[in-house]
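Notebook open, structure loaded. I want to jot down what I look up as I go.

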Amino acid sequence: MKFTRGIQHHINNPLSIIMLSLESAHKAAAGNLKLIRKLDTIDDEVNRIITALSDFSKVNAYTVESVDSNVGGIPIRGTVR
């Protein structure tokens, strides 16, 4: 749990800077619809990442499954634990 929260913290810091920069960019892009759409796309993707990280850090247990020894032509030795 601490590991996932640590990862979330280290990824959220730069994402926060991006979000702050997007606010300024939106103001500067007033009237430029093409640029505003691109900024909105970036904003949506940043929010998607933040939500995914938050959801991931809330999970208490993870299921680990073994896979076939040959996945996509790449041999896997042993079981992932």
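My entries follow, starting with the ground rules.

**Ground rules.** I'm working with a predicted model, where local features need pLDDT of at least 70, side-chain atom pairs count only at pLDDT 80 or more, and totals for chains, interfaces and linings use all residues. Residues are numbered from 1 along each chain as its sequence is written, and side-chain values use heavy atoms, with hydrogens and water left out.

**Confidence.** I checked pLDDT (the predictor's confidence in each residue, from 0 to 100). The protein averages 79, and 65% of the residues score at least 70. Confidence is highest in H2, at 90, and lowest in strand S2 (residues 74-75), at a mean of 55.

**Layout.** I counted two helices and two strands, using DSSP runs numbered from the N terminus (helices are H or I, at least four residues; strands are E, at least two). From the N terminus on, the order is α-α-β-β.

**Burial and surface.** Of the 81 residues, 12% count as buried. My cut-offs are under 20% relative accessible area for buried, over 50% for exposed and partly exposed in between, with a 1.4 Å probe and protein chains only. The accessible surface comes to about 6,700 Å², and carbon and sulfur atoms own 59% of that. Areas are from the Shrake-Rupley method with a 1.4 Å probe; for residues, only the protein chains shown count as cover.

**Salt bridge.** How many salt bridges does a search of the whole structure find? One, with the criterion being a side-chain nitrogen of Lys or Arg within 4 Å of a carboxyl oxygen of Asp or Glu. Arginine 48 pairs with glutamate 45, and their closest N and O atoms are 2.8 Å apart. Both sit in helix H2 (residues 33-58), three residues apart, about one turn of the helix. An α-helix has 3.6 residues a turn, so residues three or four places apart point the same way. Glutamate 45 counts as partly exposed because its relative accessibility is 36%.

**Nonpolar patch.** I found Ile7, Ile11 and Ile49 forming a nonpolar patch on the surface, with about 190 Å² of accessible area together. Patch members need over 30% relative accessible area and no salt bridge; like charges are joined within 9 Å, nonpolar side chains (Val, Leu, Ile, Met, Phe, Trp, Tyr) within 5 Å. Isoleucine 7 is in helix H1 (residues 2-28), and isoleucine 49 is in helix H2. Isoleucine 7 has a relative accessible area of 32%, so I logged it as partly exposed. Isoleucine 49, at 33%, is partly exposed too.

**Across the sequence.** Which residues does aspartate 43 contact, leaving aside its neighbours within four places in sequence? Met19 and Leu22, where contact means heavy atoms within 4.5 Å. C-alpha to C-alpha, aspartate 43 and methionine 19 are 7.0 Å apart, against 24 residues in sequence. Aspartate 43 is in helix H2 and counts as partly exposed, at 22% relative accessibility.
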